[in-house]
Amino acid sequence: MSSCWSEGDLRAALDGELDASSAAQLTVHLAECGSCDALHQEISGRAIRVAGMMAALEESPLGNVIPMTP
């Protein structure tokens, strides 16, 4: 097993910020490393929940009161 990936690298992967070679290496590593795969899934779940909360805020009456920055 190769060394584990940092949380920052896993976040970069989810944001599509890895080059093709690194993304391929990560895919192989996640298939082999349950710890990194679990962390990757946790980070992904958090990102999905935050995106949902942001969308709900934008659609709420508070969205008109609270300035949203792009």
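The structure is a predicted model, in which local features need pLDDT of at least 70 and side-chain atom pairs count only at pLDDT 80 or more, while totals for chains, interfaces and linings use all residues. Residues are numbered from 1 along each chain as its sequence is written, and side-chain values use heavy atoms, with hydrogens and water left out.

The protein contains 3 helices and 0 strands (helices being DSSP runs of H or I with at least four residues, strands runs of E with at least two, numbered from the N terminus). Along the sequence, the pattern is α-α-α. Of the 70 residues in the protein, 20% are buried (under 20% relative accessible area with a 1.4 Å probe, protein chains only; over 50% is exposed, and partly exposed lies in between). The accessible surface amounts to about 5,000 Å², and carbon and sulfur atoms supply 58% of this area (Shrake-Rupley method, 1.4 Å probe). Among contacts (heavy atoms within 4.5 Å) with a separation of 6 or more, 51% join residues 24 or more positions apart.

Helix α1 (residues 7-14) and helix α3 (residues 34-59) have axes that come within 10 Å and cross at roughly 55°. Axes are lines fitted to C-alpha atoms, for helices over the stretch in contact, with angles from 0 to 180 degrees between N-to-C directions. The two helices are therefore oblique to each other (angles under 35 degrees count as roughly parallel, over 145 as roughly antiparallel, 65 to 115 as roughly perpendicular and the rest as oblique). From α1, the contact involves E7, L10, R11 and L14; from α3, C36, L39, H40, I43, S44 and R46 take part. These comprise 5 nonpolar, 2 polar and 3 charged residues (Ala, Val, Leu, Ile, Met, Phe, Trp, Tyr, Cys and Pro count as nonpolar, Asp, Glu, Lys and Arg as charged, and the others, Gly among them, as polar).

Helices α2 and α3 pack at an angle of about 110°, their axes lying 6 Å apart. This angle makes α2 roughly perpendicular to α3. Here H29, L30 and E32 of α2 meet G34, C36, D37 and H40 of α3. By class, 2 residues of this contact are nonpolar, 3 polar and 2 charged.

Residue L18 is located in the loop between α1 and α2 (20-32). L18 has a relative accessible area of 22% and is therefore partly exposed. Apart from neighbours within four places in sequence, L18 contacts W5, D9, A12, A13, A23 and L26.
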